[in-house]
Amino acid sequence: SVNIAAFGNERDGPSEDNQQPSLIWSYLRRSALISEIDCSLSASHVGNPAFTEYQASVFGNVRLVVRDCPVWDIFDSDWYTSRSLIGGADIIVIKYSVNDKTSFQELKDSYVSMIKKTLNHCSVPVIISAIGARKNGVPCTCPLCTSDRRSCVTTAEGVQLSKELGATYLELHALNDFYIQKYFGGVLEYFVIQSLNQKSSEKMKKRKKTQKCHRVQPPQLEQPEKMPTLKGEASHYNADLHNLLCCCQCADVAFYSEDFSTVVEAHKVILCSVSHLFMLLFEVKTPTDICDTSIMQTAQSLFTVEANAAFPLAPSGIPPRIPLLRVVVKDSAFCSCLPDILHFIYSGAFQWERLEEDIKKKVKDPEKTENVLEKVKCILTTPGKLNTTKDCRSQQMKQLYNTSLRLFFNTSVLADVIFKVQDATVPAHRAVLVARCEVMAAMFNGNYLEANSILVPVYGVSKDTFLSFLEYLYTDSCCPAGILQAMSLLICAEMYQVMRLQHICELYIITQLQSMPSRELASTSLSIVSLLKKAKFHNSDCLSTWLLHFIATNYLIFSQKPEFQDLSVEERNFVEMHRWPSNLYLKQLADYRNYIHSQKCHCTVM
């Protein structure tokens, strides 16, 4: 079989019609060599397929498996799956639209380095396909041309990307028979044949090695016991932030109608993370920083920030621990829809159609409804860019917080709590901490000293580990520097009961140890037994069980190390029972060697 991994979106934008056939699907349908096509979805989250898997037959009886992943953010949200896709591929296809400069720039800035790092461990041919005719004129193939450099991806940029990845560069101006079958198909089939030849050669080498003496066969070494597998936990990032709005914990801003009849509480850091308009309103940015008159005019016409005014209490009737900033909403229609708009923002801001329906039901006047929707678009717009309905429905809006909240990670802007860790201070935001961590939610909302303190000391954790922990809370992702830091982060996650982070650290440790060669494993100063003890002490049952199997599977290496003596009696018995190779095999191997030696000593010819 031949495995192909395809990444990227060949459409002009995420909002383009999904019914348009993709490059991979077009090739599989049109190629005369392909037969028996089967398609299935693999989902990392419900309703959000990570990739589409196609299975087909090529050259008669060769199975072709193609995994097409159109969304680049799989490298951020599920790096384990993305690494597995690249590591198991015989051919990699990277595709992009020449009219989607934003996605191409995001590919260069954020994901090329990850792909290069993964490709360092394997030698796989890469095909880069630039798809589409540039919309601002005749397609240009001159590397020196700069006429379409601003709005489209130029040939020079595509060639430069292919040089960085050591790839074959193709320009497909249309998904027709010529470009699909003769151009793209010809190159792809060439690499398929190369891959088949290489696998056939390796198979012949293995077959030659297995040819042994027919009279006496050596003992067969069975495969080690299958290691226990760890299943990743689905992200609940957007749900955490949506629950924060529903519970109204740690709110620091209240929106009032002009007659003070209604009030809605929210959080500055969440609103500013998605909107330059709110950054301007809450003085995070100045008008000079924004440089967009539409945003400034909307902010002035829609909101008024009231300072030191007597306002009614919050709906709970209890004075808040954090002083609330009072904001009056001048537009009555917008104010009536504000709860729905905030739910839309806090839940990830990708259910635009649902927001439209909610506003239509509440306002009922088509003109006022359109006016409210335009103001929402202005709130979510980027300075200097005109937001359209397609932009609001795009896939890019789905990754709202884990990219936007990073702006406020480890910064004093809007911070309302400071952690003291190892004589250093780390600013943070209660709203994010309470939403993402149940222990901190109890700490800041219960009858504890931290609930009314600005400075909160943290013990038993290093500054680097605590920063990595906070980074996960803000961005829903983490990248430990090594196994020891991953273990420290796992301990911190167990202390604050953030189970998904604990599972991520477990997967990272397992992946790093699995990729470690035997020679490096024998010479490393890293104590696997020490990792086992820590995993058990901090209730990481999955990791501790896996480490015991790992020690048993590499018995010949670990039994020679001094740390092997630190295993408990129960652990030692487990390792001896599941050791690989087994004592029986070693005895059979010794008998076989003795037999071969005796045959060499007694020559039958002389």
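The model is a predicted one, in which local features need pLDDT of at least 70 and side-chain atom pairs count only at pLDDT 80 or more, while totals for chains, interfaces and linings use all residues. Residues are numbered from 1 along each chain as its sequence is written, and side-chain values use heavy atoms, with hydrogens and water left out.

β8 covers residues 253-257 and β11 residues 325-329; helices (H or I, at least four residues) and strands (E, at least two) are DSSP runs, numbered from the N terminus. The two strands run parallel and are joined by 5 bridges, where pairing requires that DSSP finds at least two bridges between the strands. With strand β9 (residues 263-266), β8 pairs in the antiparallel sense over 4 bridges, and Y256 has V263 as its bridge partner there. β8 and β9 make a hairpin with 5 residues between them, and F260 in the turn has a positive phi of about 60 degrees.

Put together, 4 strands form an open sheet of mixed pairing, in the order β9-β8-β11-β10. The edges belong to β9 and β10 (303-306), each with a single partner strand, so one side of each has no neighbour in the sheet. Neighbouring strands are turned by 25 degrees against each other on average, direction ignored; axes here are lines fitted to C-alpha atoms, for helices over the stretch in contact, and angles run from 0 to 180 degrees between N-to-C directions. Helix α12 (residues 332-346) lies across β8, β9, β10 and β11, and runs at about 25 degrees to β9.

As for burial, 5 of the 5 residues of β8 are buried, that is, under 20% relative accessible area (1.4 Å probe, protein chains only). V253, F255 and S257 sit on one side and A254 and Y256 on the other, with both faces covered.

Strand β1 (residues 2-7) is likewise mostly covered, with 6 of its 6 residues buried. V2, I4 and A6 point one way, N3, A5 and F7 the other. β1 pairs in the parallel sense with strand β4 (residues 62-69) over 6 bridges, where A6 stands opposite D68. Its pairing with strand β5 (residues 91-97) is parallel too, over 4 bridges, and I91 is the bridge partner of I4.

Now to the helix pairs. Helix α19 (residues 463-475) packs on helix α20 (residues 483-495) at about 65 degrees, with the axes 9 Å apart. That makes α19 roughly perpendicular to α20, given that angles under 35 degrees count as roughly parallel, over 145 as roughly antiparallel, 65 to 115 as roughly perpendicular and the rest as oblique. D464, T465, S468 and F469 in α19 meet Q485, S488, L489, C492 and A493 in α20, contact meaning heavy atoms within 4.5 Å. By class, this contact of α19 with α20 has 4 nonpolar, 4 polar and 1 charged residues; Ala, Val, Leu, Ile, Met, Phe, Trp, Tyr, Cys and Pro count as nonpolar, Asp, Glu, Lys and Arg as charged, and the others, Gly among them, as polar.

Helix α24 (residues 541-553) and helix α26 (residues 569-577) pack at about 55 degrees, with axes 8 Å apart. α24 is therefore oblique to α26. L548, H549, I551 and A552 in α24 meet E571, F574 and V575 in α26, a contact whose residues divide into 5 nonpolar, 1 polar and 1 charged.

Methods: Buried < 20%, exposed > 50% of the residue type's maximum accessible area, 1.4 Å probe, protein only.
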